[in-house]
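Open the model in your viewer and keep the selection tool at hand.

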Amino acid sequence: MTEKRAVHVAIVGAGMSGICMAAKLQDAGIDTFTIFEQADEVGGTWRDNTYPGLHCDVPSRFYSYTFRSNPEWSRLLPPGNEVQSYFTQVATERGIRAHIRFGTPVASAEFRDGKWWVSTADGAEPFDVLITATGILRVPRYPDIPGLDTFAGPTFHSSRWDRSVSLQDKRIGLIGTGSTGVQITAELGGRVRGLTIFQRTPQWVFPFPNPRYSPITKAALRRFPAMSRFGYRFWQAVYENFFAKAMVAPGLRRRLVSAMCRWNLNLSVRDPELRRKLTPDYQAMCKRIVAAGHYYQSVQKPGVEVVVEPIDHVEPRGIVTADGALHELDLLVIATGFDAHAYTRPMEIIGEDSVSLDDAWTDGPQAYRSVAVPGFPNMFMLMGPHSPIGQQSLVIIAENQADYAMWWIERIRDGEIEAAAPTDIATKDYNEQMKSAMPQTVWTTGCNSWYLDKHGLPELFPWEPVRHRRLLASPERSDFEVRTPQT
């Protein structure tokens, strides 16, 4: 038996994707990996976000690793703290924490002399393979509103929630009505002194129930793990055969989702003026669909107001809208989302011939099958450009991408190759195919969403997620420039 060479792998990020990659390496018998994490705990976006009402919008059974089911989920759509606990538990159980350097942001990674040199405040170290697991919803996006810094009360982004601030006695101003804003409203509406929602764009809300799992159900899941696996496959089938198909192709499924969202709004909101404010002028699913069972009930509670007049400026007492009205507030919450196009930034990545990733992406982020970039050998991206994040659980995406990276790592480990990067031709052809397929998707039907790039095209996968999984399960060596030990 030929002895396998040691492959040293650098993973940037200890969120869901980074933990997944580490587990895949462990399962292959590779323990020569290091995870660089700028924070002091694992979990990524689930560590950072602690706002009231936070929950995952993907069913808990399907938002789990295939290699680690969790019978302890309390609800169909799990609360954020449970998701964070799950990833923390997986990292602890598998001994992954010993490989993590907490409080160590990566300044740059440069490919030279056949190695990736990863630079931190402690210096530069060489690795054979670089895995970027920096996530999607990581860099907070702040609105450009005059006077925002003059507000006299507490102000914070929803992903930087200040738990020391009391809420019940406050008149709260909420800027933003995406998934986060909707979840905060559903939780706080009617429970605080006042909640003023500054809405630029209304959202379609899908009537997704969120029942609790009973103690009997949890006991049965502990006793029979196959039940969790069945639940995983059931919700995978729902997402891939209903929601995903509705998003990427016109037809009955798309019309049905739209009808259910409109039915939910019309039955839930009786006041015609409020209903008018809450009715979007675009198709359901054009933006990320929102699942919040009691949002419409909460927005009609006493003390809750939906303001659709544009914000003119902020002053110490509150927000002044374009009609000249002053909305006096005690607390200002900014729920305007994240820069979904940051990817690895602000980390600098430099590939062959001293070309930076920013230079390679001058015309916008592009990748080969969402995981690799020409000119950047032995670098694999988890949640890279055009991953199917709009119509699929991010956990299964991470597993599929990690498995793809493992295929190449095994070739390096066996001594077959030293370095590999996709060709320009294969990458361009792949991206042209995606561009041609994009018009049939719901994301191009006329809305302004965080999915769109600077050209107004969605940075999403335009086909069903099963196609993405099959593409990653079948690596095409001919699409890569491969360097062997003899070359």
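Start on the face of H7 turned away from its buried side: select Leu252 and Arg255, the exposed residues carried there. Exposed means over 50% relative accessible area, buried under 20%, and partly exposed in between (1.4 Å probe, protein chains only). This is a predicted model, where local features need pLDDT of at least 70, side-chain atom pairs count only at pLDDT 80 or more, and totals for chains, interfaces and linings use all residues. Residues are numbered from 1 along each chain as its sequence is written, and side-chain values use heavy atoms, with hydrogens and water left out.

Now select all of H7, residues 252–268. Helices (H or I, at least four residues) and strands (E, at least two) are DSSP runs, numbered from the N terminus. H7 has 17 residues and reaches 24 Å from first C-alpha to last, close to the 24 Å expected at 1.5 Å a residue. That expected span is 1.5 Å times one less than the number of residues.

Next, pick Arg254, Val257, Cys261, Asn264, Leu265 and Ser268, which are buried in H7. They cover an arc of only 95° around the axis, so they lie on the same side of H7. The arc is that of the directions from the helix axis to the C-beta atoms.

What do the buried residues of H7 pack against? Show strand E11 (205–206) and helices H6 (226–248), H8 (272–277) and H9 (295–299). Contact here means heavy atoms within 4.5 Å.

Move to the open sheet of 3 strands, ordered E14-E15-E16 with antiparallel pairing. Strands pair if DSSP finds at least two bridges between them. E14 (311–315) and E16 (326–328) are the edge strands, each pairing on one side only. Zoom in on E15 (residues 318–321): 3 bridges join E15 to E16. Finish at Ile319, whose bridge partner in E16 is His327.
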